[in-house]
Amino acid sequence: MDTINSYLNNMFAALPKTVQMEGIKQDLLASMEEKYHELKEEGKTENEAIGIVISEFGNIDELMEELEITVEDEENNLSALAPEDTWGYMVAKKKAGFMIGIGGMLCLIGPALLILLVVLAETGFLQGILSEDAAGILGVVALLILVALAVGLFIFSGMMLEKYKYLNKGFNLPQHLRSEIQQRSSAYASTYNLSLVMGVCLCVLSPVPVIAESLINNDSSGYGAVLLLAMIAVAVFLFIYYGNIKESFSFLLKEGEYTREK
Amino acid sequence: MISSDVIRGYNDTFILYMLLDGESYGYEIAKNIRKLSDEKYIMKETTLYSAFTRLEKNGYISSFYKDGTLGKRRTYYRITPEGLAYYHEKCAEWLITQEVVNKFIKEL
């Protein structure tokens, strides 16, 4: 049975992967399997049955001829990407990455600020300015405002990319644009790698302030946690912002996770 | 065994005939064609599914899904009124074809 399956997969390997094709392939497989089972029931050996099924499969070109028009149509339907759309998409993706990055950062800075205010009040730095309770309330309010701001940024960046949603349906990147994007992409690789290394380092090092603080004075007051959150916030920004730029390259070039299935 | 070249123009007719009595699916149709022709004609899978595609594109048959014996989804086909008209057309055409070809056939 595996033989039949892989035979069919080979036959279809070079053909475009469309819904129609997949449907025909499944129907063919069902037919071949049923024929195989019947031949086995008639007392044929496995090899005989597979031999008959494959010899009666026919010529895939016949099927292609019948489907050719549809296949061509789909290729033509993919619109060639205009330069302004291409660059527009890249700019929008970069801006969106910046906003989402800032948003992500704000989500971490909120709690950091809250802890900072509470710690400052506890340790007496805010004496005469804010009571401990007031500092806590102020911190929570600040946190909520920052999160709201972040959500706003997320929504806004989503709206900005909405315009380019049609690209998900498929597009043809003209050769001259492709080579230019490829150039930019390879030029960008080192920047991206650097951002990645820095982000990872920040994450790895982020517990250091907490450890250091507890070593210096035993009742660790929380400044370490504030620093930890701040470091992760910066890392999050690095990952999202530079990651989005990288993603715009991969998306346009159909590389990495955007590789077109063949 | 008949070569598929000879019979090419009548594959559609065979399939439509098999659907006259009601809906059916790929393998069943192929099996019945084989049986009815006393094993003298075996329609290859690609021929069969090319014909399905063509017939459906022309509106002579319609397809729908139904669960098969093994619980797998199976594509069933049904003849349309246009398909029936086309079938009658092909039958009439065959009678003339037969008549013409017979004029050139001589027992030696």
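**Contact between the chains.** I looked up which residues make up the contact and found 20 residues from chain A and 20 residues from chain B. The model is predicted, and I read the entries below with that in mind.

**Area.** The size of an interface is often given as the accessible area lost when the parts come together, so I looked that up next. Chain A and chain B bury about 2,000 Å² between them. Of this area, 47% is on carbon and sulfur atoms.

I then went through the pairs across the contact. I noted five salt bridges between chain A and chain B. One that I opened joins the side chains of A:Glu38 and B:Lys31, with an N to O distance of 2.9 Å.

**Chain A side.** I asked which helices of chain A supply at least two residues each to the side that touches chain B. They are helix H2 (19–41) and helix H4 (60–77). H2(A) gives the most, with ten residues. Sorted by class, this side of chain A has eight charged, seven nonpolar and five polar residues.

**B:Lys90.** Is B:Lys90 buried or exposed? Its relative accessible area is 10%, and because the cut-off for buried is under 20%, I logged B:Lys90 as buried. Leaving aside neighbours within four places in sequence, I found B:Lys90 in contact with B:Gly9, B:Tyr10 and B:Thr13.

Methods:
Residues numbered from 1 in each chain as written. Chains lettered and ligands numbered in written order. Predicted model: local features only at pLDDT ≥ 70, side-chain atom pairs only at ≥ 80, totals over all residues. Heavy atoms only, no water. Buried < 20%, exposed > 50% of the residue type's maximum accessible area, 1.4 Å probe, protein only. Contact = heavy atoms within 4.5 Å. Buried area = accessible area lost by both parts, 1.4 Å probe. Salt bridge = Lys/Arg side-chain N within 4 Å of Asp/Glu carboxyl O. Helix = DSSP H or I, 4+ residues; strand = E, 2+ residues; numbered from the N terminus. Nonpolar A, V, L, I, M, F, W, Y, C, P; charged D, E, K, R; others polar.
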